[in-house]
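Q: I would like to learn how to read a structure of this kind, feature by feature. Could you take me through it, giving the general idea before each case?

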Amino acid sequence: MHLRRLVPTTAALVIAAAFLVGGAAAAPKAQITVYAAASLTDVFPKIDSSQRYSFGGSNTLAAQIQQGAPADVFASANLTLPQQVAQKGLCSKPVVFTRNTLVLIVPKSNPARIRSVYDLRKSGIKLVIAGSGVPVGGYTLQILKNMNLSSVLSNVVSRETDVREVLAKVALGEADAGFVYSTDAKTVPGRVTVLKLPAWAQPKVQYGICIVSASQHKADAQAFVKRVLSKAGQAKLRAAGFLPRVKPAVKRR
Amino acid sequence: MRRAILATAFFFAALIAFGFLVLPIVAIFAHTSPRHLISQLSNAVVTDALRVSLETTAIAQALVLLFGTPTAYLLATRRFVGRALLVTLVELPLVLPPAVAGLGLLAAFGRTGLLGSSFEALGITIPFTQTAVVLAVAFVASPLYVRQGIAAFEAVDPNMVAASRTLGAGSTRTFFRVVMPLARGGLAAGFALALARGLGEFGATIMFAGSLQGVTQTLPLAIYAEFDRNFDATLAMGALLVVISAALLLALKLSALWQASRQSSRYRSGLLSWS
């Protein structure tokens, strides 16, 4: 009897509390929220530790922004996603702020004895890649196509939601191999072996950044983007293994 | 006067709570036209996910029945030191965050895990297979069945069992002809709850089994994977899960009613009565 009355009351209290918390968070503050590709997890806080970050697959972040997520800046592991968001008028025209390369990683123990990317053709190998909507997943498909290795996709045992999930599955030794950015491999030294992929087959891995149109802190967001593009910001990116940004090759796609 | 204020306050609190709980479910169906939802159901991602979900849950539920029933029976009928501890351990996965369950499954059955490394030596790899999905589902869902099962077996009148035995039935016969029929309602309730929980499994599965269309990608995983690509397909899958879950709950309620009207015994399923 008591319980039956208690439940709605508690629910009401919870809702009231949620409103209170929401109200408090809306108070003006210089801190901005940056939605950034999972591969930037380690380096962005090094460039600016005072912001709030949400890291994940760029495609997931783009979808969240389109659903009205409270992001101020969107940093994607490709240009197409922020361009799509910009086309809908939801963020500014993206600029390239860094580049990356794709590598193949195997666990240190290398249970499947993979010595080169061509060994992925062996049957029974547990290859983990990112989903095709995730930038790194798209790049993976591209590099395999460039190398005429698309048949190895039959060895894929999981399509992960972002690059760090691929990294984790290989670093844990659960998967035999996976495609990640060279910068991701650097974050787990001693746990994975990096197999380089030929430069001629590399896709164009460009990271685009834009300011979300619905942002309430546009000036702060602008300052953050400037900081990423600044000498100091670029030095931090290069220290983490990212490639220097070059003039975006527009209208190539 | 005071009473009236309190009653009104409660009424509005209940109204808000009710709206809060119902609105998201209605929104899934209201976001796009029903015809569009149905057309999405023929999407290969959706059909594959539905098949994987049904296959893995069916196997997991069979295992839950096979191992959970004796476990529940023993825990319900035997009194021994550490019984309370065992019951708590069995219930633990119920309150465990699914991500922790996934982590635990990896640490136990992963290629470098406690048991997994031995399996690996035998040439059996569990992660990224449907077996992994089944294990994840069974791990999170079975406690619901065992818990209900203990309650159901405990509610069986010991006099009935004693009568059966004194009338010459062996313990096996008594179990299958007396105990099981009496506990059936409670067991079915536990089974339905475990089934619903298993169908919704997400966290442990994505960590332990990964996500591959047609192999390990269950409906909840497909919803997550398609969220940014095809929002309509995710809505269709969401609607599908709502319908399945609602059907399960309804079946549960109806069977509880049916049981109650059919049996005049003191037995009650307890947890899942209407009031």
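Q: How far apart do the C-alpha centres of domain 1 and domain 2 of chain A lie?

A: Domain bounds come from an automatic or database domain assignment, and with those bounds the C-alpha centres of domain 1 of chain A and domain 2 of chain A are 26 Å apart. Domain 1 takes in 31-99 + 206-239, whereas domain 2 covers 102-201. This is a predicted model, in which local features need pLDDT of at least 70, side-chain atom pairs count only at pLDDT 80 or more, and totals for chains, interfaces and linings use all residues. Residues are numbered from 1 along each chain as its sequence is written, while chains are lettered from A and ligands numbered from 1 in the order in which they are written.

Q: How many residues does each domain of chain A bring to the contact between them?

A: Two residues are in contact if their C-beta atoms, placed from the backbone, lie within 7 Å. Domain 1 of chain A contributes 14 residues and domain 2 of chain A 12 residues. Helices (H or I, at least four residues) and strands (E, at least two) are DSSP runs, numbered from the N terminus, and helix 3 of chain A supplies the largest share of the domain 1 side, 3 residues. For classes, Ala, Val, Leu, Ile, Met, Phe, Trp, Tyr, Cys and Pro count as nonpolar, Asp, Glu, Lys and Arg as charged, and the others, Gly among them, as polar; the domain 1 side that touches domain 2 of chain A then divides into 4 nonpolar, 9 polar and 1 charged.

Q: Which residues of helix 4 of chain A are buried, and what covers them?

A: A residue is buried if 20 or more other C-beta atoms lie within 10 Å of its own, exposed if 12 or fewer, and partly exposed in between, with C-beta atoms placed from the backbone. In helix 4 (residues 80-87) of chain A the buried residues are Leu81(A), Pro82(A) and Val85(A). They sit on the same side of helix 4 of chain A because they cover an arc of only 95 degrees around the axis, the arc being that of the directions from the helix axis to the C-beta atoms. Their cover includes helix 3 (58-66), strand 3 (73-76), helix 5 (135-146) and strand 10 (205-211) of chain A. Just after helix 4 of chain A, Gly89(A) adopts a positive phi of about 75 degrees.

Q: Is Pro107(A) buried or exposed?

A: Pro107(A), in strand 5 (residues 102-107) of chain A, counts as buried because 23 other C-beta atoms lie within 10 Å. Leaving aside neighbours within four places in sequence, Pro107(A) is in contact with Val170(A), Ala171(A), Gly173(A) and Val192(A).

Q: What is the secondary structure of chain B, and how many of its residues touch chain A?

A: Chain B has 12 helices and 0 strands, and buried residues make up 38% of its 275 residues. In chain B, 21 residues are in contact with 24 residues of chain A. Helix 1 of chain B gives the most to that side of chain B, with 6 residues, and by class the side has 13 nonpolar, 5 polar and 3 charged residues.

Q: What pLDDT does chain B average?

A: The pLDDT is the predictor's confidence in each residue, from 0 to 100. Chain B averages 89, and 94% of the residues score at least 70, but over residues 264-275 of chain B the pLDDT is below 50. The model scores ipTM 0.70 and pTM 0.78.
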